[in-house]
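Hi,

Here's the structure I promised to pass along. Have a look at it first, and then read on for my notes.

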Amino acid sequence: MAGKTKTDATEALKQVTYLASALKAPRITEAAARLADHARDAGWTHEEYLAAILDREVAARNASGAQLRIRAAGFAARKTIEEFDWDAQPAVRQQVAALASGGFLTEARNVVLLGPPGTGKTHLATGLGIAAANHGHRVLFATVTEWVTRLTDAHRAGRLPQELTRLRRCGLIIVDEVGYLPFEQDAANLFFQLVPSRYEHASLILTSNLPFSGWGGVFGDQAVAAAMIDRVVHHADVLTLKGASYRLRNRGIDTLPSIRTQDAAD
(Lines give C-alpha, C1' and ligand atoms only; values in the text may rest on other atoms or scores of the structure.)
Protein backbone atom coordinates (compact mmCIF):
# COMPACT_ATOMS: atom_id res chain seq x y z
CA MET A 1 0.00 0.00 0.00
CA ALA A 2 2.84 2.36 0.93
CA GLY A 3 4.48 1.75 -2.43
CA LYS A 4 1.25 2.40 -4.24
CA THR A 5 0.72 5.62 -2.26
CA LYS A 6 4.22 6.81 -3.12
CA THR A 7 3.71 5.97 -6.78
CA ASP A 8 0.38 7.79 -6.81
CA ALA A 9 1.98 10.86 -5.24
CA THR A 10 4.77 10.82 -7.81
CA GLU A 11 2.32 10.59 -10.68
CA ALA A 12 0.19 13.35 -9.18
CA LEU A 13 3.20 15.67 -8.96
CA LYS A 14 4.04 14.92 -12.59
CA GLN A 15 0.52 15.94 -13.50
CA VAL A 16 0.87 19.10 -11.40
CA THR A 17 4.11 19.92 -13.22
CA TYR A 18 2.40 19.57 -16.59
CA LEU A 19 -0.63 21.63 -15.56
CA ALA A 20 1.53 24.35 -13.98
CA SER A 21 3.50 24.62 -17.21
CA ALA A 22 0.29 24.87 -19.23
CA LEU A 23 -0.89 27.66 -16.92
CA LYS A 24 2.52 29.39 -17.12
CA ALA A 25 2.79 29.14 -13.34
CA PRO A 26 6.00 27.14 -12.80
CA ARG A 27 6.25 28.10 -9.13
CA ILE A 28 3.20 25.94 -8.42
CA THR A 29 5.29 22.84 -9.15
CA GLU A 30 7.92 23.78 -6.57
CA ALA A 31 5.36 24.71 -3.94
CA ALA A 32 3.31 21.55 -4.48
CA ALA A 33 6.31 19.30 -3.96
CA ARG A 34 7.68 21.27 -1.03
CA LEU A 35 4.39 21.48 0.84
CA ALA A 36 3.11 17.96 0.18
CA ASP A 37 4.84 16.21 3.08
CA HIS A 38 4.10 19.08 5.46
CA ALA A 39 0.44 19.03 4.46
CA ARG A 40 0.17 15.29 5.14
CA ASP A 41 1.98 15.53 8.49
CA ALA A 42 -0.13 18.51 9.60
CA GLY A 43 -3.37 16.95 8.46
CA TRP A 44 -4.30 19.74 6.07
CA THR A 45 -7.50 19.48 4.11
CA HIS A 46 -7.33 19.45 0.33
CA GLU A 47 -8.65 23.01 0.36
CA GLU A 48 -5.94 24.20 2.76
CA TYR A 49 -3.22 22.56 0.67
CA LEU A 50 -4.52 24.13 -2.53
CA ALA A 51 -4.85 27.55 -0.89
CA ALA A 52 -1.24 27.38 0.38
CA ILE A 53 0.09 26.56 -3.08
CA LEU A 54 -1.88 29.30 -4.80
CA ASP A 55 -0.91 31.80 -2.12
CA ARG A 56 2.76 31.28 -2.88
CA GLU A 57 2.17 31.62 -6.61
CA VAL A 58 0.24 34.86 -6.16
CA ALA A 59 2.89 36.26 -3.78
CA ALA A 60 5.65 35.43 -6.26
CA ARG A 61 3.73 37.01 -9.14
CA ASN A 62 3.06 40.14 -7.12
CA ALA A 63 6.74 40.45 -6.23
CA SER A 64 7.74 39.96 -9.85
CA GLY A 65 5.15 42.49 -11.02
CA ALA A 66 6.32 45.02 -8.46
CA GLN A 67 9.89 44.78 -9.73
CA LEU A 68 8.69 45.36 -13.28
CA ARG A 69 6.69 48.41 -12.16
CA ILE A 70 9.68 49.78 -10.24
CA ARG A 71 11.97 49.40 -13.26
CA ALA A 72 9.38 51.05 -15.53
CA ALA A 73 8.92 54.02 -13.18
CA GLY A 74 12.19 55.67 -14.17
CA PHE A 75 13.50 56.43 -10.69
CA ALA A 76 16.82 58.25 -10.65
CA ALA A 77 17.89 55.85 -7.89
CA ARG A 78 16.10 53.21 -5.86
CA LYS A 79 15.67 54.58 -2.35
CA THR A 80 13.16 53.05 0.01
CA ILE A 81 11.35 54.49 3.01
CA GLU A 82 13.17 51.99 5.23
CA GLU A 83 16.54 53.43 4.17
CA PHE A 84 15.65 57.02 5.07
CA ASP A 85 17.56 58.77 7.88
CA TRP A 86 14.74 59.68 10.25
CA ASP A 87 17.07 61.35 12.74
CA ALA A 88 17.20 64.32 10.35
CA GLN A 89 13.41 64.56 9.79
CA PRO A 90 11.61 63.03 12.80
CA ALA A 91 8.62 65.39 12.50
CA VAL A 92 7.31 63.78 9.28
CA ARG A 93 7.99 60.13 10.13
CA GLN A 94 4.43 59.25 11.11
CA GLN A 95 2.94 61.06 8.11
CA VAL A 96 5.23 59.24 5.70
CA ALA A 97 4.50 55.89 7.34
CA ALA A 98 0.77 56.49 6.86
CA LEU A 99 1.29 57.50 3.23
CA ALA A 100 3.41 54.41 2.55
CA SER A 101 0.36 52.24 3.18
CA GLY A 102 -0.99 53.54 -0.14
CA GLY A 103 -4.33 54.85 1.05
CA PHE A 104 -3.78 58.26 -0.54
CA LEU A 105 -3.65 56.60 -3.97
CA THR A 106 -7.07 54.98 -3.68
CA GLU A 107 -8.45 58.42 -2.71
CA ALA A 108 -6.62 60.20 -5.57
CA ARG A 109 -4.89 62.45 -3.04
CA ASN A 110 -1.62 64.25 -3.67
CA VAL A 111 1.57 64.64 -1.64
CA VAL A 112 3.74 67.76 -1.63
CA LEU A 113 7.22 67.68 -0.11
CA LEU A 114 8.65 71.14 0.58
CA GLY A 115 12.04 72.02 2.01
CA PRO A 116 15.60 73.20 1.35
CA PRO A 117 17.93 71.22 -0.92
CA GLY A 118 19.40 68.09 0.57
CA THR A 119 16.71 67.44 3.18
CA GLY A 120 15.44 64.18 1.67
CA LYS A 121 12.52 65.23 -0.52
CA THR A 122 13.52 63.13 -3.53
CA HIS A 123 14.36 60.15 -1.32
CA LEU A 124 10.93 60.24 0.30
CA ALA A 125 9.15 60.76 -3.03
CA THR A 126 11.03 57.79 -4.48
CA GLY A 127 10.34 55.67 -1.41
CA LEU A 128 6.62 56.41 -1.61
CA GLY A 129 6.73 55.59 -5.32
CA ILE A 130 8.38 52.23 -4.66
CA ALA A 131 5.80 51.50 -1.97
CA ALA A 132 3.04 52.35 -4.46
CA ALA A 133 4.56 49.97 -7.02
CA ASN A 134 4.62 47.24 -4.39
CA HIS A 135 0.92 47.89 -3.78
CA GLY A 136 0.20 47.27 -7.46
CA HIS A 137 0.09 50.84 -8.80
CA ARG A 138 1.79 52.08 -11.96
CA VAL A 139 4.28 54.85 -11.16
CA LEU A 140 6.20 57.35 -13.30
CA PHE A 141 9.04 59.51 -11.96
CA ALA A 142 10.73 62.49 -13.62
CA THR A 143 11.93 65.98 -12.80
CA VAL A 144 9.58 68.84 -13.63
CA THR A 145 11.92 69.79 -16.50
CA GLU A 146 11.65 66.29 -17.95
CA TRP A 147 7.86 66.38 -17.63
CA VAL A 148 7.72 69.72 -19.44
CA THR A 149 9.90 68.31 -22.22
CA ARG A 150 7.66 65.26 -22.53
CA LEU A 151 4.50 67.36 -22.73
CA THR A 152 6.11 69.81 -25.16
CA ASP A 153 7.09 66.96 -27.48
CA ALA A 154 3.52 65.59 -27.33
CA HIS A 155 2.10 69.04 -28.06
CA ARG A 156 4.36 69.54 -31.07
CA ALA A 157 3.34 66.13 -32.38
CA GLY A 158 -0.33 67.05 -32.05
CA ARG A 159 -1.02 64.35 -29.47
CA LEU A 160 -1.11 66.21 -26.15
CA PRO A 161 -4.71 65.18 -25.32
CA GLN A 162 -3.84 61.54 -25.95
CA GLU A 163 -0.70 61.83 -23.81
CA LEU A 164 -2.62 63.37 -20.92
CA THR A 165 -5.24 60.62 -21.17
CA ARG A 166 -2.52 57.97 -21.14
CA LEU A 167 -0.80 59.54 -18.14
CA ARG A 168 -4.10 59.76 -16.30
CA ARG A 169 -4.22 55.96 -16.28
CA CYS A 170 -1.02 55.90 -14.23
CA GLY A 171 -1.85 55.67 -10.55
CA LEU A 172 1.01 57.89 -9.39
CA ILE A 173 3.10 60.53 -11.14
CA ILE A 174 6.07 62.00 -9.28
CA VAL A 175 7.26 65.48 -10.24
CA ASP A 176 10.67 66.21 -8.74
CA GLU A 177 12.57 69.50 -8.34
CA VAL A 178 9.83 72.08 -8.85
CA GLY A 179 11.46 75.45 -8.34
CA TYR A 180 15.04 74.91 -9.41
CA LEU A 181 14.55 76.38 -12.89
CA PRO A 182 11.94 78.86 -14.19
CA PHE A 183 9.87 78.08 -17.28
CA GLU A 184 8.76 80.06 -20.26
CA GLN A 185 5.04 80.83 -20.34
CA ASP A 186 4.22 78.22 -23.00
CA ALA A 187 6.06 75.48 -21.12
CA ALA A 188 4.39 76.46 -17.86
CA ASN A 189 0.97 76.33 -19.51
CA LEU A 190 1.68 72.84 -20.82
CA PHE A 191 2.71 71.57 -17.41
CA PHE A 192 -0.35 73.17 -15.87
CA GLN A 193 -2.54 70.97 -18.08
CA LEU A 194 -1.11 67.87 -16.39
CA VAL A 195 -2.46 68.94 -13.00
CA PRO A 196 -6.18 69.40 -13.81
CA SER A 197 -6.10 66.28 -16.00
CA ARG A 198 -5.40 64.26 -12.84
CA TYR A 199 -7.44 66.30 -10.38
CA GLU A 200 -9.61 63.95 -8.27
CA HIS A 201 -8.75 61.06 -10.59
CA ALA A 202 -5.15 60.06 -9.84
CA SER A 203 -2.33 61.10 -7.52
CA LEU A 204 0.67 63.38 -7.83
CA ILE A 205 3.74 63.71 -5.65
CA LEU A 206 5.61 66.98 -6.07
CA THR A 207 8.87 68.06 -4.45
CA SER A 208 10.00 71.68 -4.27
CA ASN A 209 12.73 73.73 -2.61
CA LEU A 210 10.38 76.74 -2.65
CA PRO A 211 7.32 77.62 -0.56
CA PHE A 212 4.11 77.97 -2.53
CA SER A 213 4.58 81.75 -2.57
CA GLY A 214 7.61 81.26 -4.83
CA TRP A 215 5.89 79.11 -7.46
CA GLY A 216 4.65 82.13 -9.41
CA GLY A 217 8.23 82.98 -10.32
CA VAL A 218 8.86 79.41 -11.48
CA PHE A 219 5.85 79.23 -13.77
CA GLY A 220 6.04 82.85 -14.91
CA ASP A 221 2.47 83.70 -13.98
CA GLN A 222 0.94 84.15 -10.54
CA ALA A 223 -2.53 83.20 -11.83
CA VAL A 224 -1.29 79.93 -13.35
CA ALA A 225 0.65 79.10 -10.20
CA ALA A 226 -2.34 79.87 -7.97
CA ALA A 227 -4.66 77.70 -10.06
CA MET A 228 -2.13 74.88 -9.99
CA ILE A 229 -1.58 75.08 -6.25
CA ASP A 230 -5.33 75.23 -5.65
CA ARG A 231 -5.88 71.92 -7.45
CA VAL A 232 -2.81 70.21 -6.04
CA VAL A 233 -3.44 71.14 -2.42
CA HIS A 234 -7.23 70.69 -2.36
CA HIS A 235 -6.77 66.95 -1.68
CA ALA A 236 -3.19 66.71 -0.45
CA ASP A 237 -0.81 66.04 2.38
CA VAL A 238 1.80 68.80 2.56
CA LEU A 239 5.00 67.79 4.37
CA THR A 240 7.61 70.40 5.25
CA LEU A 241 11.18 69.19 5.66
CA LYS A 242 13.65 71.35 7.55
CA GLY A 243 17.33 71.56 8.34
CA ALA A 244 20.62 71.71 6.49
CA SER A 245 21.54 69.57 3.51
CA TYR A 246 22.70 66.08 4.40
CA ARG A 247 25.24 66.42 1.60
CA LEU A 248 26.99 69.19 3.57
CA ARG A 249 27.14 67.40 6.90
CA ASN A 250 30.56 67.42 8.51
CA ARG A 251 31.83 69.89 5.90
CA GLY A 252 31.57 73.05 7.97
CA ILE A 253 28.79 74.51 5.79
CA ASP A 254 25.47 75.19 7.50
CA THR A 255 23.47 77.03 4.84
CA LEU A 256 23.17 77.38 1.09
CA PRO A 257 22.42 80.62 -0.81
CA SER A 258 19.27 79.15 -2.37
CA ILE A 259 17.65 78.07 0.88
CA ARG A 260 14.47 80.00 1.59
CA THR A 261 13.24 80.28 5.15
CA GLN A 262 9.62 81.22 4.49
CA ASP A 263 7.01 78.96 5.94
CA ALA A 264 5.55 76.48 3.39
CA ALA A 265 2.09 77.93 3.84
CA ASP A 266 3.17 81.41 2.67
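Below is what I found on how two pairs of helices pack. One thing to keep in mind is that this is a predicted model.

A quick reminder before the details: two packed helices are described by the angle between their axes and the distance between the axes.

Let's start with α3 and α6. Helix α3 covers residues 46-73 and helix α6 covers residues 121-134; their axes lie 8 Å apart, and the packing angle is about 140 degrees. That angle makes α3 oblique to α6, since the cut-off for roughly antiparallel is over 145 degrees. The crossing of α3 past α6 is right-handed. If you want to find the contact on screen, look for A66, R69 and I70 on the α3 side, which meet I130, A133 and N134 on the α6 side. By type, the residues of this contact are 4 nonpolar, 1 polar and 1 charged.

Now for α9 and α11. Here helix α9 (residues 185-198) and helix α11 (residues 222-234) have axes that come within 10 Å and cross at roughly 20 degrees. So α9 counts as roughly parallel to α11, and α9 passes α11 in a left-handed crossing.

Which residues in α9 and α11 meet? From α9 there are Q185, N189, F191, F192, V195 and P196, and from α11 come V224, A227, M228, R231 and V232. Sorted by type, the contact of α9 with α11 has 8 nonpolar residues, 2 polar and 1 charged.

Cheers

Terms used. Residues numbered from 1 in each chain as written. Predicted model: local features only at pLDDT ≥ 70, side-chain atom pairs only at ≥ 80, totals over all residues. Heavy atoms only, no water. Axes fitted to C-alpha atoms, helices over the stretch in contact; angles between N-to-C directions. Helix = DSSP H or I, 4+ residues; strand = E, 2+ residues; numbered from the N terminus. Parallel < 35°, antiparallel > 145°, perpendicular 65-115°, else oblique. Left-handed = near helix turned anticlockwise from the far one by under 90°. Contact = heavy atoms within 4.5 Å. Nonpolar A, V, L, I, M, F, W, Y, C, P; charged D, E, K, R; others polar.
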